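Subject: Structure for your review

Dear colleague,

Please find below the structure that I am handing over to you.

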Amino acid sequence: MLIIKDIYNLHIYLNAYKDKRYSIGYIPTMGALHEGHGSLIEKSHNDNQKTIVSIFVNEKQFNDAQDFEAYPRNIGDDYNFCENHKVDIIFQPSTEEIYSKKHKSIKNSYFQNILCDQYRPGHFDGVVTVLNQLFGIIESDKVYFGEKDFQQLRIVESLINDHFPNLKLVPVPTVRSNEGIALSSRNSKLSKKQMADFISFQKEVIKFISLLNKKIDLTEANKKAEEFIKAYEKFDYFEFRNTSNLSLEGSLADSRLFYAIYKGSVRLIDNLEL
Ligand code: AMP
């Protein structure tokens, strides 16, 4: 496994792969890797001859400086994780490498003012800006994103359709713990008590969804969702939205439940299929 920190050397290896017509799968991450990331890597191995993982905690997508500082970082473990998952190249650039003087900042224009975009202003501008850089540097055949970050997945899908016609996006289902919570780098920030509370919250949510009549529309379902979450101490959103266009209209059967809640200062997001 190669660990490469600069674009110049990365291109030497990627060009050698491309000369041999190897197909390249790419997984962008912010590190603190877990089996959710692992499932994206495995999917890439199934589809491609070479797999590259980038590890870059992108300051531009943190609308809160403290959140950026507190984001879990564990580079030694990440190297081992990638080695165990037979990754070919880790690309671990510095901020200067990604954001050279000539980089282009772009504004996100997709799925705006809802869900995480409403509560983390500027977050998706940072996401599309870094992905625009990374996709341009790596020029892989395929790129892998988790359904765990569903709004991000939809935004990336639009970005790729509009600007990267040669890149194929592959969505990967959310990997969960036995108790049903989505694996996330941020889970490592939870205390034992917070984790136990989060697990019982998730069980309640799963029960709430299972008891709903699937024939009702989203307006009615969202009244029930509002009722359910009311007692809950801190959340940004907890609502059903249409899976394809993320709107609040249509039938419950075509939707997912999206939430962002807090345990202490840790913000946790998930989306659940019906
Ligand atoms: P992150 O390092 O959090 O930026 O995530 C990198 C990629 O891994 C994103 O495409 C995420 O959606 C994906 N991902 C994170 N957690 C999971 C999970 N539990 N299951 C599947 N994919 C995930």
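In the residue classes used here, Ala, Val, Leu, Ile, Met, Phe, Trp, Tyr, Cys and Pro count as nonpolar, Asp, Glu, Lys and Arg as charged, and the others, Gly among them, as polar. On that basis the shell around the ligand comprises eight nonpolar, six polar and two charged residues. Please note that this is a predicted model.

The ligand site

There are 16 residues around the ligand, of which His37, Gly146, Asp149, Val175 and Leu183 come nearest. Three elements, β2 (24–29), α2 (35–47) and β5 (142–146), each contribute at least two residues to this shell. The largest share, three residues, is supplied by α2.

A nitrogen atom of the ligand lies 2.8 Å from a polar backbone atom of Leu183. The ligand taken alone exposes 490 Å², and the protein buries 92% of that area.

Salt bridges

The structure contains 14 salt bridges. In general, side chains of opposite charge can pair when their charged atoms come close.

Because the two residues are four apart in helix α2, about one helical turn separates Asp47 from Lys43. Asp47 is partly exposed, with a relative accessible area of 26%, and Lys43 is likewise partly exposed, at 32%.

A second salt bridge joins the side chains of Arg120 and Asp67, at 3.7 Å from N to O. Arg120 lies in the loop between α6 (115–119) and α7 (123–138), while Asp67 belongs to helix α3 (residues 65–70), so this pair ties together parts that are 53 residues apart in sequence. Arg120 and Asp67 are both buried. Salt bridges with shared partners link Asp67, Arg120 and Arg186 into one network.

Glu239 and Arg241 form a further salt bridge, with their closest N and O atoms 2.8 Å apart. Both Glu239 and Arg241 are buried.

A surface patch

Tyr8, Ile12 and Tyr13 make up a nonpolar patch on the surface, with about 340 Å² of accessible area together. Ile12 is located in helix α1 (residues 7–19). Since its relative accessibility is 43%, Ile12 counts as partly exposed.

Yours sincerely

Terms used: Residues numbered from 1 in each chain as written. Predicted model: local features only at pLDDT ≥ 70, side-chain atom pairs only at ≥ 80, totals over all residues. Heavy atoms only, no water. Near = heavy atom within 4 Å. Polar contact = N/O pair within 3.5 Å; in protein donor to acceptor, adjacent residues only side chain to side chain. Areas by Shrake-Rupley, 256 points an atom, 1.4 Å probe, with all protein chains shown as cover. Patch = residues over 30% accessible without salt bridge, like charges linked within 9 Å, V, L, I, M, F, W, Y side chains within 5 Å. Salt bridge = Lys/Arg side-chain N within 4 Å of Asp/Glu carboxyl O. Buried < 20%, exposed > 50% of the residue type's maximum accessible area, 1.4 Å probe, protein only.
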